[in-house]
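Q: Hi! Could you walk me through this one while I have it open?
A: Happy to. Here it is.

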Amino acid sequence: MGKRGRPLKADKRDDSYRFRLNAEERQMLTQISEWTEQPIAAVIRTALRAYYETVKSEKNTQFNNLEEENAEN
C-alpha cells in the first residue's frame, strides 16, 4: 500500500503558542484578518516577521554606531 494522509510540507510548523488577548487586541487582530482576508495565524506570523526586521535593523544601527564611536577614539 502507498502512503496515506497529507503530504509533508517543506516549512512545517511544529511549535504552537497560546497567549491571552484583551478585547481591544482581539478586535484589532480580527479586523486585520478581515481587511487582509488572511487567517489570524498568518496575520500573527506577518506581524512577527515585520517586528523582527524592525528590531534587527535597530540592533544593527546601534552596533554600527558603537563601532563608529570606537573607531573615532
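A: One term before we start: helices here are DSSP runs of H or I with at least four residues, numbered from the N terminus. Keep in mind that this is a predicted model.

Q: Thanks! How many helices and strands are there in the protein?
A: The protein has two helices and zero strands.

Q: And what does helix 1 look like, in residues and reach?
A: Helix 1 covers residues 23-36, which is 14 residues. From first C-alpha to last, helix 1 reaches 20 Å, close to the 20 Å expected at 1.5 Å a residue.

Q: What goes on at the start of helix 1?
A: There, a side-chain oxygen of Asn22 comes to within 3.1 Å of the backbone nitrogen of Glu24.

Q: What about just after helix 1?
A: That's where Glu37 takes a positive phi of about 55°, although Glu37 is not a glycine. Glu37 sits in the loop between helix 1 and helix 2, the latter being residues 40-72.

Q: Is Glu37 buried or exposed?
A: Exposed: Glu37 has a relative accessible area of 74%, and the cut-off for exposed is over 50%.

Q: Changing topic, what's the radius of gyration of the protein?
A: The protein has 20 Å, whereas a compact globule of 73 residues would have a value near 11 Å. Along the principal axes, the C-alpha atoms fill a box of roughly 70 × 45 × 20 Å.

Q: And how much of the protein is buried?
A: Buried residues make up 4% of the 73. The protein exposes about 7,600 Å², with carbon and sulfur atoms supplying 51% of it.

Q: Last one: how many positive and negative side chains?
A: There are 13 positive and 13 negative side chains, and the centres of the two sets are 18 Å apart.

Methods. Residues numbered from 1 in each chain as written. Predicted model: local features only at pLDDT ≥ 70, side-chain atom pairs only at ≥ 80, totals over all residues. Heavy atoms only, no water. Rg over C-alpha atoms; globule rule 2.2 N^0.38 Å. Buried < 20%, exposed > 50% of the residue type's maximum accessible area, 1.4 Å probe, protein only. Areas by Shrake-Rupley, 256 points an atom, 1.4 Å probe, with all protein chains shown as cover. Lys, Arg positive; Asp, Glu negative; His and termini not counted. Charge placed at Lys NZ, Arg CZ, Asp CG, Glu CD. Expected span 1.5 Å × (residues − 1). Polar contact = N/O pair within 3.5 Å; in protein donor to acceptor, adjacent residues only side chain to side chain.
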